[in-house]
Amino acid sequence: MSDVMESPRRILSQLEVLESEAIYIIREVVAEIERPALMFSGGKDSLVMLHLARKAFAPAAVPMAILHVDTGHNFPEVLDFRDKIVAQYSLNLVVGSVQDAIDRGTVKEEPNGTRNRTQTPVLLETAEKYGFNALLGGARRDEEKARAKERIFSFRDEFGQWDPKKQRPELWNLFNARVHVGESIRVFPLSNWTELDIWEYIAAEGIEVPSIYYAHEREVFERNGMLFAANEFCRPMAAEPTFVESVRYRTVGDATLTAAVRSQADTVEKVLDEVASTRITERGATRGDDRVSEAAMEDRKKEGYF
Amino acid sequence: MDLLRFATAGSVDDGKSTLIGRLLYDSKSIFTDQLEGVERASREMGSEYTELSLLTDGLRAEREQGITIDVAYRYFATPARKFIIADTPGHIQYTRNMVTGASTADLAIVLVDARKGLVEQSRRHAFLVSLLQVPHLVLAVNKMDLVGYSREVYENIRREFTEFAAKLQIADLTVIPVSALHGDNVVDRSENMPWYEGAALLNHLENVYIASDRNLVDGRFPVQHVIRPHSSQFHDYRGYAGKIAGGVMRTGDEVIVLPSGLPSRISSIETADGPVDEAFAPMSVTVRLEDDIDISRGDMICRPNNQPRITQDIDAMVAWMSDEPMRPGQKLALKHTTRNTRALVKSVQYELDVNTLHRNESCAELKLNSIGRVRLRTTTPLLTDEYRRNRETGGFVLIDEHTNNTVGAGMIVHA
């Protein structure tokens, strides 16, 4: 990544340490667990995960399936980007569709029209259908306070649920991947990365991310102090006038819940500057789903959410 | 920019969460929405102050009970360094949590209340820091504001602790008088304690020298995964993937593969970005050898003239973390480096009283949160170093084969 090899003190940068740790964790999953899958949304964290998985097994192919839970509420740019990446690296993509599950009647649409909670049963159903007993995800501990307490190898019972009081102690880098039939492990190789680390890594490695992460003009409206794109999934109400603004997305989730931020950062360097100086967390700025209560994330994780 | 991992330990009400909150707040690592959330939650609790502890206590039960349940990880960076904090609660499951947090730490901060001085828990925390071989220890004498910033109080605590630490062979000890509540000597040097000539805590964290803490002497490469691309382009490719656990490995080095004992030579050290001339801990690389020999996960590539011990008889200090005690005759799963095996508990030689360091030799079993010396027999040989020489090749975990829970942490001693 850089020329620190020439350093007589042999000191690695924080990005090199984090990269090495993540590669080690990904290799550990493949070595110890029979049927792992890599969660992939097309968002920046999952793109970094895919990049690391490719590095971990090079020159061999990524030895696991790529799993996308499709809420049906997508930004078209992100879905197109996903398909491009899948074709580019000949990945084995498995899609769990929330729309299909609603049509089949296995889950019900939420009264407010968002599909954040409905992702969970679809994720569990898809993992069961394909027999995936380890799911690798790009969640980070700096994102949210419940995540700050979660293990890198996070054990889930046969209902996919997380019990914060029954976590396995995690010592050194000796990860316990043992599960009984029906139970599973969620693995978070980016646990120790921050939003800034992710962007520094994207810049250093030249990782391509969907265009919505960079500043662009978009028709938006304001709701609960956040800027939402006016589109088929998210329609402004009468008292919510729309206007065109230069914005970018800091996170990519369900299009009905994910807000944009005002930004002029149209290159990776400008995004890095912006992330380094921002005073609001990425989920705080952009995610309606965390605003339900102080423990919204903890409650969803206990149900089997990522 | 490099990375420092540190763990914090303190008794209840020593102000640990406040200290971490202060470090984050004064280094401008707290975000506006996080602070607003904490201010709102503080008001709802009826508190007069902004409870900085709420920044780290994120679980519902913690907020309801005003306690910290589990190790929490926090992140912040200054222009000098990136930091990972493992915040370990001092009361519930203290051994389990502190051992977990300390296992990967470069440095540990133990807090004491200046009014109370050293208490039983302070000694226990210092002992665990030395047991886990955390290379650097900071004793933060907190609440100096409540003792009138008295130099005498600080000096007495410093002297007493230094004497105790000498028995523990703690290599690097720094004692800093602070007030987490008011910020004295946390980020900026305190004007209230002109007699203190050392660095403020953050300055110490930014500058403590950690590059020589790794073992760069004993070449140890536990094989994690064998890379064999099933493609025409890389038809005969065979690479051994892993993270270097010790020493420096170079292309052309003569090596020996353990436990088979077969010799070879490193033909290349590869990363996805291309080959490198040398690799050292903690780099993840792929090593290729000149000879086609049978190597699998759990094997170790070393230098012929510097080998680990190959043994099925393991002597170790074990921190026990299960409600069910550890007993002779018990069978457990064991994970050491990349090697999984089974172990039989041959004997519990003594339990250590972590307050007095007294060895209780009449103890036949280890209970939850106790620490003792045990002897194990494994079904396959392990490739071991003493834990004090190398934390990576000297540490192991014990797993209950029925519940699959991690129930013990072991640190190898070469008897």
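Visitor: How many residues of domain 1 of chain A are in contact with residues of domain 2 of chain A?

Guide: In this predicted model, local features need pLDDT of at least 70 and side-chain atom pairs count only at pLDDT 80 or more, while totals for chains, interfaces and linings use all residues. Residues are numbered from 1 along each chain as its sequence is written, and chains are lettered from A and ligands numbered from 1 in the order in which they are written. Here, 19 residues of domain 1 of chain A are in contact with 15 residues of domain 2 of chain A; contact requires C-beta atoms, placed from the backbone, to lie within 7 Å.

Visitor: Which element gives the most to the side of domain 1 of chain A that touches domain 2 of chain A?

Guide: That element is α3(A), with 3 residues. Helices are DSSP runs of H or I with at least four residues, numbered from the N terminus.

Visitor: What are the bounds of domain 1 and domain 2 in chain A?

Guide: Domain 1 comprises 4-196 + 296-302, and domain 2 comprises 210-288. Such bounds come from an automatic or database domain assignment.

Visitor: Why does K55(A) count as partly exposed?

Guide: A residue is buried if 20 or more other C-beta atoms, placed from the backbone, lie within 10 Å of its own, exposed if 12 or fewer, and partly exposed in between. K55(A) has 18 C-beta neighbours inside 10 Å, and therefore counts as partly exposed.

Visitor: Which residues does K55(A) touch, not counting those up to four places away in sequence?

Guide: K55(A), found in helix α2 (residues 44-57) of chain A, touches I23(A) and A272(B).

Technical notes:
Helix = DSSP H or I, 4+ residues; strand = E, 2+ residues; numbered from the N terminus. Contact = placed C-beta atoms within 7 Å.
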